[in-house]
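User: I'm new to reading protein models. Could you walk me through this one, feature by feature?

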Amino acid sequence: MAAESKYQGAHPRLVTKIIASYVSHHNVGPEQIPELIHSVHRTMDNLGKPAEPAGILTPAVPIRRSVQRDAVVCLECGWKGKMLRRHLSTRHGLTADEYLRRWNLPTDHPLTAPMYSEQRSSLAKELGLGRGGRVRAAPPKPAPSGARRGRPRGRPRAAAT
């Protein structure tokens, strides 16, 4: 108990082990060691405490200019493309909902360029993927009752004696 009350922050032996392990695997100059010790102490003192809230987010481009006719722009980094969903997940680790919440955007904010959406829509309609585009096949005619088609399935029945 006396040892615990003596050390308000991180225990020196634990800090020493961490720094010794780090220095043995990395090239660290002698002038960098005091900052490393201070950094480890500060980090260990902050363990278990809630993280400081992030500052006000500043978008890479104005929100009004993030949606253009032929492209959409990522507010995180300024990347310009036709679709944002894949970019958000691979580069920023965000889902579309997280991105919209993070920037306080409405749920109907487009993440796909309007012109690209129109192209995809018209292509789908040409292929008959839209409503009423397919011609329904006539339902198969029912087989006359009592008539068997093809070979019987399963094992043959044993002969009755």
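**Reading the fold**

Analyst: Let's start with contacts, meaning heavy atoms within 4.5 Å. Among contacts in this chain between residues at least 6 apart in sequence, 44% join residues at least 24 apart. This is a predicted model, where local features need pLDDT of at least 70 and side-chain atom pairs count only at pLDDT 80 or more, while totals for chains, interfaces and linings use all residues. Residues are numbered from 1 along each chain as its sequence is written, and side-chain values use heavy atoms, leaving out hydrogens and water.

User: Which pattern does the chain follow along the sequence?

Analyst: Helices (H or I, at least four residues) and strands (E, at least two) are DSSP runs, numbered from the N terminus. Here there are six helices and two strands, in the order α-α-α-β-β-α-α-α.

User: How do I read a nonpolar core, and how many residues has the largest one?

Analyst: Buried means under 20% relative accessible area, exposed over 50%, and partly exposed in between (1.4 Å probe, protein chains only). A nonpolar core is a set of buried Ala, Val, Leu, Ile, Met, Phe, Trp, Tyr and Cys residues joined through side-chain atoms within 4.5 Å. The largest one here has 12 residues, including Val72, Leu88, Leu100 and Trp103. Helix 5 (residues 96–102) gives the largest share of this core, three residues. Apart from it lies another core of five residues, among them Val15 and Ile19.

User: Is His109 buried or exposed?

Analyst: His109 is buried, because its relative accessible area is 14%. You'll find His109 in the loop between helix 5 and helix 6. Not counting residues up to four places away in sequence, His109 touches Ser66, Val67 and Leu100.

User: What about helix 6: how far apart are its end C-alpha atoms?

Analyst: The expected span of a helix is 1.5 Å times one less than its number of residues. Helix 6 has 13 residues, so it should span 18 Å, and its end C-alpha atoms are 18 Å apart, which agrees. Just after helix 6, Gly128 takes a positive phi of about 85 degrees.

User: Is Leu123 buried or partly exposed?

Analyst: Leu123 sits in helix 6 (residues 114–126) and counts as partly exposed because its relative accessible area is 43%.
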